[in-house]
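I opened the model to look up two things.

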Amino acid sequence: HAGVIPDDVIVAYATEWLETRYTFQPATVKAKHARILQSLHPRLTVRFPVQADQEAALVKEAKLSSQLTVLEAVVNASASQAPIRVQMTARRTLWIGGQEVREEPVQAEMVLAPWVKHGTAAGLVVLDVKVKPPLSVSGT
């Protein structure tokens, strides 16, 4: 019925979001952060720039590049019920100075909600994201 976002649309959005968030090079990380910031719920927009600045400094200092590919994504809660939870399994490859240092499995959970403007669903907004393991140079 009207207003319900189909699971395949939710999966496509969550997959693109996570891949955008964790696929970058030192030259592109700030542009990726700017794109991600636009998708966050207003309560996350205070915290994220601080985290993004720390991450950008780490990326620049270590010459860190990352590529993440989502292998599987499952919507855990019915789209008719907000919030919407999406569980994802992914693979992240990290490079330091152009040298591949490791590939790691990643588990992520995204919490999304329909974003309503003037009484009409205007898309999805990110309420929370948990990623394990967190992005790091050392892998520990």
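**Entry 1: salt bridges**

I count 7 salt bridges, taking a salt bridge as a side-chain nitrogen of Lys or Arg within 4 Å of a carboxyl oxygen of Asp or Glu. The model is predicted, so I note that local features need pLDDT of at least 70, side-chain atom pairs count only at pLDDT 80 or more, and totals for chains, interfaces and linings use all residues. Residues are numbered from 1 along each chain as its sequence is written, and side-chain values use heavy atoms, with hydrogens and water left out.

I looked up Glu-109 and found a salt bridge to Arg-85, with 3.8 Å between the closest N and O atoms. This pair links distant parts of the chain: Glu-109 sits in strand β3 (residues 99–117) and Arg-85 in strand β2 (residues 84–96), 24 residues apart. I take helices (H or I, at least four residues) and strands (E, at least two) as DSSP runs, numbered from the N terminus.

Next I checked exposure. My terms are buried for under 20% relative accessible area, exposed for over 50%, and partly exposed in between (1.4 Å probe, protein chains only). Arg-85 has 35% relative accessibility, so I log Arg-85 as partly exposed.

I then took Glu-104 and Arg-102, whose side chains form a salt bridge at 2.9 Å, N to O. Glu-104 is buried at 6%. Arg-102 is buried too, at 17%. I also find Arg-92, Arg-102 and Glu-104 joined in a network of salt bridges.

Asp-128 pairs with Lys-130, the closest N and O atoms being 2.6 Å apart. Asp-128 is partly exposed at 22%. Lys-130 is partly exposed at 46%.

**Entry 2: the largest pocket**

I used a 1 Å grid over the protein atoms alone; a pocket is an open set of points where a 1.4 Å probe fits, with protein on both sides within 12 Å along at least five of seven lines, and lining residues have an atom within 4 Å of a point. The largest pocket has a volume of about 370 Å³, the volume being the space filled by probe spheres set on the points.

How many residues line the largest pocket? I get 16, and Arg-21, Tyr-22, Phe-48, Gln-51 and Val-129 lie nearest its centre. The elements giving two or more residues to this lining are α1 (7–21), α3 (47–62) and β4 (120–132). The largest share, 5 residues, comes from α3.

I sorted the lining by type and got 11 nonpolar, 1 polar and 4 charged residues. Here Ala, Val, Leu, Ile, Met, Phe, Trp, Tyr, Cys and Pro count as nonpolar, Asp, Glu, Lys and Arg as charged, and the others, Gly among them, as polar.
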